[in-house]
Amino acid sequence: VKNDNKYKTIWTPQEGPQTAFLKTNAYEALFGGAKGGGKSEALLFSSLRFIDNGNYKALILRRTFPKLLELIERSRCFAAIGGKYNRQERMWRFHSGAIIRFGHCENPGDELNYQGQEYQYIGFDQLEEFTETMYETIKAQGRSSIGLPVFIRSTANPGGVGAIFIKRRFIDAKEPNRKYYRTYELEGKKHSLCSVFIPSTVFDNKILMKNDPAYAAKLMDLPEKMRRMYLYGDWNIDNEPDQLIKYEWISEGLLTEEERIRKLSCRNADREKVFAGIDVARYGDDMTCIAIISDDRLWEMRKYEKIDLVQTTNLARALIEEENIPPENIALDCDGIGAGVFDNLKSYGYYVRQIIGGSRPLPVGEESYTFRNLRSGIYWNLREAIRTGKLKLINDQLLINELISIKYKISQDRMIQIESKEELKKRLGKSPDYADSLCYALAAGLFKIANGLNITIF
Ligand SMILES: Nc1ncnc2c1ncn2[C@@H]1O[C@H](COP(=O)(O)OP(=O)(O)OP(=O)(O)O)[C@@H](O)[C@H]1O
Ligand SMILES: [Mg+2]
């Protein structure tokens, strides 16, 4: 960057995809896939491309503010090339007059705040966190009445709310690194909009590989599906025939942050309609999870690391005594040490629902199928609730990753069997704590229906 007629280097792109991303003249470019490929760095520093032009304006976005802060932090070195940072406006201004602004767009509708502004560079970091409406609306502010080209730049990992539109736009039926054109004729003149997807993986990031060689090993250590997404940047994350819950069912029914907060604020809603599922950690490295749903919305997933049975009992008591959730609306995993929590609660006079995976399935739900055991029935119930859009989930990547990892099979006599907890644990490298607690919360509702049918349940 030119400064006082001298050139100063504050950052150099690495050879390979990072350089390709900085060089491309395409209107729209997506950098991505895998984790750690040097995407955010490239997005941030490519915004400097035209700062010698006093009319140049750039905008860099993350969906939420806390995550944006990390990018702002990384931009500190802009000061070394004459940038002055204005905290209030979250904006760098350079000698020429050029500006680089940071922004976020958390809730649906926030994208409208960017209307009426003109930017020649708009960068979305982790585009998969944004909705298509946000992307399209903000992208429309990419305009240039000053003779510079307009560049829309994004980074993304597979997954997230934006996965479907990103795949459609940049990945499906397209070759990486190849430019695609959409042409429009206006007043007899043809205009082409060019887009390109540039993939990268951690192996392209030689600096990170050298400074933290264990990082790649950690990505290799991930459960199979996550490894495909984050180590290799595989976007085809929903193509397994024996996958119980399809990715797009989840992503189409995600609660927005705004809806979730509204939900949290009406905690005094009808307690009869609030259900909780508790998955008790069985081994030292598992998590105890509590999922809370009401009105068919998962609105909270609480996670506790390394807590003992007494603490878990107290958490369950608090749900009953402080949050007024009826004990019969709470379901508890009693296959392992959860049985101890069940007994503790009983001694307080609280009878919660026991989930014993291998026990008889509940006599409710699907009519055209039978289930191998209770676990199969309640997981099928969860799948159906998500598939039909009845149950809406929060955007919790860990939960979503678990849900899409679960496999099932249907035998010739139309009996449905869900992969056992042990099999799943072997395959994932961890037990599906989040998915289980959600499944149990929904099952507590099933128990209630079954009881209404006057069937004795054990
Ligand atoms: N050109 C570069 N010069 C110096 N360091 C770099 C460069 N590119 C990447 N790095 C280093 O690699 C690290 C990871 O890069 P970056 O955060 O851009 O990856 P990412 O692809 O955005 O990762 P994630 O998928 O986790 O968001 C950076 O923190 C930085 O230390
Ligand atoms: Mg990043």
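Which element gives the most to the shell around ligand 1? That would be helix H2, with 3 residues. Keep in mind that you're looking at a predicted model.

## The overall picture

Let's start with the whole chain. It has 16 helices and 19 strands, and its C-alpha atoms fill a box of roughly 85 × 50 × 45 Å along the principal axes. Of the 458 residues in the chain, 52% are buried.

## Who surrounds ligand 1

Ligand 1 has 18 residues around it. If you want to find the spot on screen, look for Thr12, Lys39, Ser40, Glu41 and Arg74, which are the closest.

Two elements give two or more residues each to the shell: helix H2, spanning 39-45, and helix H6, spanning 206-211.

## Contacts to the ligand's oxygens

Now zoom in on the polar atoms. In the side chain of Arg74, an N or O atom lies 2.8 Å from an oxygen atom of ligand 1. Glu41 takes part through its backbone instead: a polar backbone atom there is 2.9 Å from an oxygen atom of the ligand.

How much of ligand 1 does the protein bury? Taken alone, the ligand exposes 630 Å², and the protein buries 77% of that.

You'll find Asn205 in the loop between strand E11 (189-200) and helix H6. Is this residue buried or exposed? Asn205 has a relative accessible area of 8%, and because buried means under 20%, Asn205 counts as buried. Its side chain has a partner as well: the side chain of Gln14 makes a polar contact with the side chain of Asn205 at 2.7 Å.

## Glu89, in another loop

For another loop residue, go to Glu89, which lies between strand E5 (84-86) and strand E6 (91-93). Its relative accessible area is 39%. That value falls between the 20% and 50% cut-offs, so Glu89 is classed as partly exposed.

Where does Phe102 lie relative to Glu89? The two residues are 13 apart in sequence, and their C-alpha atoms are 8.3 Å apart in space.

Terms used. Residues are numbered from 1 along each chain as its sequence is written. Chains are lettered from A and ligands numbered from 1 in the order in which they are written. This is a predicted model: local features need pLDDT of at least 70, side-chain atom pairs count only at pLDDT 80 or more; totals for chains, interfaces and linings use all residues. Side-chain values use heavy atoms; hydrogens and water are left out. A residue is near a molecule or strand if one of its heavy atoms lies within 4 Å of it. A polar contact is a pair of N or O atoms within 3.5 Å; within protein, one must be able to donate a hydrogen and the other to accept it, and residues adjacent in sequence count only if both atoms are side-chain atoms. Accessible areas come from the Shrake-Rupley method with a 1.4 Å probe; for residues, only the protein chains shown count as cover. Helices (H or I, at least four residues) and strands (E, at least two) are DSSP runs, numbered from the N terminus. Buried means under 20% relative accessible area, exposed over 50%, partly exposed in between (1.4 Å probe, protein chains only).
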